[in-house]
Amino acid sequence: MTEPDQQLHRSLRNRHIQLIALGGAIGTGLFYGAADSIAAAGPAVIVSYLVGGVVIYLIMRALGEMSVHNPTSGAFSEYAHQWWGDLPGFISGWNYWFNYIFVSMAELSVVGIYINYWFPVVPRWVSAAVLLAIVTTVNLLHVRAYGEVEFWFAIIKVVAIIAMIVLGLWIIFFGTGSTPATGIGNLWRNGGFLPHGVTGMLAGIIVVMFSFGGTELIGITAGEAEDPQRSIPRAINRVVGRILLFYVGALIVMVAIVPWTKIDGNASPFVQIFDLVGIPGAAAILNLVVLTAAISAYNSGLYANGRMLHALAHQGDAPAFLGKVNKAGSPWAGVLLSSAVTAIAVVVVGLLPEQAFVYIMSIAMIAAIINWATIIITQMLFRRRLDPESRSELRFTMPGAPVTNWIVLAFLVLMVVVMTTMPPYRIAVAIGPIWLAVLGLGWQLSRRRQTL
C-alpha cells in the first residue's frame, strides 16, 4: 500500500495529458527517423503511417478501457498484475521501463546532430550530456511544472508541423521566388509510389511504429490526472487523430516537394527539404523545432520511467527506495536512476556517433512490441474476467474486441518477422527473448527476496 506522503499528486489537467502524449509521440521518430522509413518505403511511407496509426489507435483504446476503469500511474503493469498474473505484471512494468530507457537514449543520440547544424565543432556527446542534466532537473520539480514545460514544448512542435505543412503546400502548388511549384509528381516518379514493393512498405512500418511509441503515456498520466474518467477518453480519441494528421500531412508534403531518393538522413528530413528548395531561413527555424522536439520526447520518456519505477516499487517488484517521492511529489529516486542509466547513451554517442540512433531504436522497438502485446492480451483477460454486469457498464471500450485484439497481435508478429529481414534490427530480435528470460529470472529472485 502506498503511504499518503509517497503518493503522486493528481495535478495534471486535460491539456497537459493531451500534450504529454503528443510530446512523447512527435519526436525523433518523425523528425529524424522519417528518413529511414522514406528510404525503405518511398512515397508509400504515407500508407505505412496510416496502417500504423490504425494499429496504435486500437492499442490505445485497449489501454484506455482499463485506464478509465482503474486509473493508476502503474498502468499496464498494474493491470497485468491484476488481470493476468504476477509474472506478466513484473515483466510488463520492467519492460516498459527498459523500452523508455532506449527511447530516451534514441532522443539523446540525435540531439548532437541538430546542434551540429549551427555548431559543427561541438562533440555530439557534449550536447547529449547537457540535455540529460537539464531534463533531469525538470523532472524533479512538481508534476504541474513538468506538465507546463511539456505543454509548451509540444505546442512548439504542433505549431511548427502545421506551419511546415502549410508552407509545403504553398511550395507544391505555387512555388517560391526561387523555386517553381513542384506539384505532386514526386509521389509516383523515381520508381513509382511503391518503389520497393510491399516488402519496402512493411520495412517502413518498423520506423513508423517507433514514431508512434509514446502514446501509451496517456495510461501513465492516469495516476496524476485530475479527472481521469473524462480526460483519458478525450485524450486518446484526440491525440491519435492529431498524430495521424500531423504525421501523414507532413510526410505527404516531404515526399511531394523533393524526390524521395534525395532524402539522405544526414540531417532531419524536415530541415533538408527546405535547404534543398532554397529556403535556408526556414530550415534553421525547423532545426530549432526538431531540437525542441527531441528535448520534449526525452522529457516525456524520463517522466514515464520515474512513474513506472514508483509503481513497481509499490507493487513489490522493485526496491522500496524507488517508491519515494520528494516534497514536490516527484518520484525522485526513480527519476535519478532512470537518468543515470540513460546516460549510457552519452557514451554510445561518443563511441558510435553515426550508428547510435539506428541500433538504439531497434532495441527500443522490440521492447515496444512486447509492451503493446502485453496491453492487448491483458485487455482480453480483463474483459473475460469481468462479470456481465460490470462489462456492460464499461464507459470506454475497445472497438471490435476481441477480433481487433487478434488483428493487432498478428500485426505485431508480422513486425517481428520483418525485423529479421533488416540487418540493423536482427540484433534486437535476438535480444528480445534474452531480455524476457532475464526478466523471468529477476521475478524469481524478487519472489525469493520477499519470502526471506
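**Figure 1. Salt bridges in the predicted model.** The structure holds 2 salt bridges, and the model in which they are shown here is a predicted one. One of them joins the side chains of Glu 65 and Arg 383, with a distance of 2.8 Å from N to O. This pair links distant parts of the chain, since Glu 65 belongs to helix 4 (residues 45-69) and Arg 383 to helix 16 (residues 356-385), 318 residues apart. Glu 65 and Arg 383 are both buried.

**Figure 2. Close-up of the salt bridge between Asp 317 and Arg 447.** In this pair the closest N and O atoms are 3.4 Å apart.

**Figure 3. Helix 4 and its cover.** Helix 4 has 25 residues and reaches 36 Å from its first C-alpha to its last, which is close to the 36 Å expected at 1.5 Å a residue. The helix is mostly covered, with 19 of its 25 residues buried. Glu 65, the residue that meets Arg 383 in a salt bridge, lies in this helix.

**Figure 4. The largest nonpolar core and the surroundings of Val 45.** The largest nonpolar core has 135 residues, and those with the most contacts inside it are Val 45, Tyr 49, Met 209, Phe 212, Met 365, Trp 372 and Met 419. Helix 6 (residues 86-118) supplies the largest share of this core, namely 18 residues. When neighbours within four places in sequence are left aside, Val 45 is in contact with Ser 37, Ile 38, Val 208, Leu 251 and Val 255.

Figure 5. Ser 77 is found in helix 5 (residues 75-83) and is buried, with a relative accessible area of 0%. Apart from neighbours within four places in sequence, the residues in contact with Ser 77 are Gly 89, Ser 92, Gly 93, Met 308, Leu 312 and Gln 315. Asn 95 has its place in helix 6 and counts as buried because its relative accessibility is 1%. Not counting residues up to four places away in sequence, Asn 95 touches Ala 367, Ile 370, Asn 371, Trp 435 and Leu 439.

**Figure 6. A nonpolar patch on the surface.** Ile 184, Trp 188, Phe 193, Leu 194 and Val 198 form this patch, and together they have about 470 Å² of accessible area. Ile 184 is located in the loop between helix 8 (143-173) and helix 9 (197-212), and at 39% relative accessibility Ile 184 counts as partly exposed.

**Figure 7. The whole protein, as context for the close-up views.** The protein has 19 helices and 0 strands, and buried residues make up 62% of its 452 residues. Among contacts between residues at least 6 apart in sequence, 82% join residues at least 24 apart. The protein exposes about 16900 Å², of which carbon and sulfur atoms supply 69%.

Notes: Residues numbered from 1 in each chain as written. Predicted model: local features only at pLDDT ≥ 70, side-chain atom pairs only at ≥ 80, totals over all residues. Heavy atoms only, no water. Patch = residues over 30% accessible without salt bridge, like charges linked within 9 Å, V, L, I, M, F, W, Y side chains within 5 Å. Areas by Shrake-Rupley, 256 points an atom, 1.4 Å probe, with all protein chains shown as cover. Salt bridge = Lys/Arg side-chain N within 4 Å of Asp/Glu carboxyl O. Helix = DSSP H or I, 4+ residues; strand = E, 2+ residues; numbered from the N terminus. Buried < 20%, exposed > 50% of the residue type's maximum accessible area, 1.4 Å probe, protein only. Core = buried A, V, L, I, M, F, W, Y, C linked by side-chain atoms within 4.5 Å. Contact = heavy atoms within 4.5 Å. Expected span 1.5 Å × (residues − 1).
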